[in-house]
Amino acid sequence: MKTHSREVQVFVRIRPTANFARDLIECLPDGQTVNIYHRKNSKKLQDSRKRQLSSCSFQLEGVLQDVSQEEFYTRVCRRVVLGALDGYNGTVMCFGQTGAGKTYTMTGSTESYKQRGVIPRALQEVFQEVEKRTEHAFNVHLSYLEIYNETLVDLLSSLRGSSRQSPHSMVVMEEPERGVLIRGLSLHPVHSEEEALNLLFEGEMNRIIGSHALNRNSSRSHCIFTVHVECRSRTLSDAKYVTSKLNLVDLAGSERLGKTGSEGQMMKEAAYINRSLSFLEQAILALADHRRDHVPFRQSKLTHALKDSLGGNCNTVLVANIYSEAAKIEETAQIKKLEKDVQMLKEELSLCNTLANRPSITYESLSEAQLAEIHSQVQRYLAGSLENISIVNITQVHAVFAQFKLAVQEQEQKVTAQLRQTYNLVKKDQSANTAAIKEWDIGSSTEDVEAGSISVPKKNAPRPISTKAKTKKLSEKQNQSKRRGQGSPVSRKHLESASKSKLHSVQTPEREHESQEPDTESQDTQEPPASEPFLTASPPTKEQAFELFKVGQGSKINLILKDNKAVLLERRSLLRQLSEEVNTAKREIDCTTATLQQHRELRGSQGQYLVMENEPPLQEAEITLLMQLRELKAVYRQRYEVLRDIKAEVNYCEHLVDQCRVRLLTGQFSTYLYFFLSQLRAIIAETINNLERSEESVIHVCVTEFESWYKKSFLVHEQELDLTMEESPREEEDAEKGILPDEPSSESFYNARYRTLKREQQGAGPYSSAEELFWAEKTSPNSTCYISEFDVQAEG
Ligand SMILES: Nc1ncnc2c1ncn2[C@@H]1O[C@H](COP(=O)(O)OP(=O)(O)OP(=O)(O)O)[C@@H](O)[C@H]1O
C-alpha cells in the first residue's frame, strides 16, 4: 500500500437515515461524485421539484454511503496510519454539521467493539505493526487536546504524572527541531493497545464530565487525539530516530447562527467555531493552491496546532460528514452557494480594481512579510518618521488597527513596569507573601507524601543571632531610645535634628528584609510560630489567626509597625507642641500689635504729630514694642516652618503605618493558607492510615481464602467437592466486561472500556489529582493491572 500522497484527500460519509432525501442528494455510481440540490425558493417548491433546484456537484476521493466502520477505516484511514509508522505526519479530520456523525466516525461507539471508530482502530493497527516490524524500535506517546472557544484544554491532565495546566498557560509553539508543539499539553508513553485505549476512554470521560462541569456542549469544541511515533532501526547502529505525528481530529459541529437561534454563550461558541472553521478552510484552500506561497496557519489555534500535519509532506484526509435528511441538507448546499457568491464577488472586485487602475490589490489573507511591513509602518508612524500608512483594502485596515492595539498594550506594559520599579512596594509585598508561603511549605515535601509518610513541620530551633546582627540591634535600640528622648523641649537645635532625621527614624515596609532581628525580649518570650504544626480540629477564628500571624510570620512587619507607630506618636506630640508654640507666638504678635496701636491712638488724640510726612513721632516705648514685634514675627516664621515640616513628616509616618497594617492584613491570608495546608496534611495522613488498614484486611481475607482453599484441596475428602459447581473466574470476568468469546482481539477494547466504566461508577472526576487516581485504582480490587500499567508507564 502506498502510504504517502501529497494531495489533500476529501471523502464524504453520509449518515444513514430512513428519510434519505433522494431528491436533494444524488450519489453517482462512480462512487466519487455527489450532487446536492438546493431549493431556489422553498415557498414555490411544488411538483416540478428539480426545476426549482440549483445543484452543486462535488468530485471527491470517495463517497461513502452505508459503509461499516471497518470499511470506512480500511478505505480512508489505514493508509494514513501506516504512513505515520513510516515517518509521515498524518491527519484525519472529520467535519460537518452537528449530528452528522463526526464523533461516530472518529471515536465510534464505546459500547460495541464492532462499532468502534477510527481512533481505536488506528491504535490497534499501530501496536500490531509495532509487533510486526521487529527490525525497528518504536516509542509511542499519546496526547489529547481540546480547543474550546480558542482555549486549549488537556483532556489527559487528570492522569498520574501529568500536572494540570491552566488553560492560559498552554500555548502553541514552533521549534526549529521539533516543529509545532503545545506547551503544557501532557504526553503519555504507551506500550500496548490496551494502555492506549485506557487513555482514549479517560480523555472521552474527561471531555464529557468537563463539559458538564463548565456548562458547555462537548460537541462545540475541536478535539485532537495525537499519536506521536518515534522509530529507530535496530539493525543500523547509527540510525537516527524518525518522528511522526498522527492527528485524529473531531471538529466542532458547524451550524448556522440563524438556524439555531443562538444567543449568548451558544452564539459566542458558534462564532468561534465558524471563525476557526473558516480559517481552516482558508489554510486548506491555500495548501491546495500551488501558486500560493503563504498559508495562513497562525490565524487560529486549530490551524496553528496542525501546521506541520496538513498538506506538504503529510497525509491529510478530510471527511465531510453529511446528515442526509432534507432539513439538514439545506445547510450543506447553502455553504456551497455562499462560497460561490464570495468567489463571484471577489472576481467583480478584482475587475473594478483593474478598471480603476489598481490591479495589484488582492483580498487574500496577508502574508507574514506583509504583516511585518505593516508592523514596521505603524512603528515608524508612531515614532513620527512616517507621515502616512498606505492602506488599500479592509484586511489591511484590520491589520493596522491590530498593530496599534499591540503598540498600546506594549506601552501600557512598559509604563506598568516602570511604575512597579519606581514604587516597588507592591511587588515586594507580593514576593514577601509568596516567600512566606514557601517557607511554610518546606515542612512537608511532596516526596514525603508520595512515600506515604506525612511529616508535620518541625519546630524551628531558635536561630542564633550573629554578632553583626547583635551590634546592629544594639545601635538600633540606642537610636530608638534617642528618638524617644527627643520628644519635648522644642529647641531650635532639636527641631533641626528632628527634621533632618525624619526619614531615618522610620522604616518603610520594604526595608523589612534589611531590618534588624526582633528584640531579644520579644524573641525570648515569643517563639516564632511560623513553624508551629497548627494541627487543630478546626481553624481558628480570624482574630486568633491574626494574633498568631502577628507574633509569627508577620512578626517583623509587626515590629516595624510598632516602631513606626511610636515614631508617629512622637511626631504627633511634637506637632502639638509646635502648634501651641506657633499659636502662642501668634497671640503675642497680636497682643503687641494691639498695644502698639493703642500707643499710637493715644498719641494721636493728644495731637502730638510731626509735621513731616504726617506721621506721629515715635516714642521710646513704641520703639521697644516694634522691636519686640519684629522678633516675635521672626520666631513665628521659624516655628511655622518647622511645624510645616513636622506636619509633612506626620503624614508620611501615617502613610507608612497604613502600609504596615495592609501588609499585616495580607499576611493573614498566608496564615489561613497554612492552616488549610496543615488540615489537608492531617486528612491525607488519616486516609493513608485507613488505606493501610484496608490493605491489612484485604491480606487477611486472602489468607482466609487460602486456608479455605487449602482445606478444600488437601484436607477435605475429594468426593465431598462438587467441581461442576465451580465457575471459571476468567470467563465470568470476560462476560462481565463484554468480551466476545469469538473475537479475542476485542479483549483490550473491553478491558479498557470496563476500567473506565468502573472509574466512572466510583465517581472519579476528570480533575482528580494524580494521587486521587492512584489511590482510587489501588483500592479498586478489579483494577490491579491498571496500576501496574501506570507504574510501567511512569517508569517509561
Ligand atoms: N454512520 C453511522 N451509522 C450509524 N449511526 C450513526 C452514523 N453516524 C452517526 N450516527 C449516529 O448519529 C448520532 C449523532 O452522531 P455523532 O454524535 O457522531 O454526530 P456529530 O457529528 O459528532 O455531532 P456533534 O457535532 O454534535 O458532536 C449518534 O447517535 C451516532 O451513533
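Q: Leaving aside its neighbours within four places in sequence, which residues is G101 in contact with?
A: In this predicted model, G101 is in contact with R13, R15 and N321 once neighbours within four places in sequence are left aside, where contact means that two C-beta atoms, placed from the backbone, lie within 7 Å. Residues are numbered from 1 along each chain as its sequence is written. Because the model is predicted, local features need pLDDT of at least 70 and side-chain atom pairs count only at pLDDT 80 or more, while totals for chains, interfaces and linings use all residues.

Q: And is G101 buried or exposed?
A: G101 is buried because 20 other C-beta atoms lie within 10 Å; the cut-offs are 20 or more for buried, 12 or fewer for exposed and anything in between for partly exposed, with C-beta atoms placed from the backbone.

Q: What about G99, then?
A: G99 is partly exposed, since 16 other C-beta atoms lie within 10 Å, and G99 sits in the loop between β6 (90-96) and α2. G101 also lies in the loop between β6 and α2; helices (H or I, at least four residues) and strands (E, at least two) are DSSP runs numbered from the N terminus.

Q: Which residues come nearest to the ligand?
A: Of the 13 residues around the ligand, the nearest are G101, T103, Y104, S219 and G253, a residue being near if its C-beta atom, placed from the backbone, lies within 6 Å.

Q: Switching topic, which residues of α3 are buried?
A: Among them are V118, I119, P120, F127 and V130, and helix α3 itself covers residues 118-132.

Note on methods. Expected span 1.5 Å × (residues − 1).
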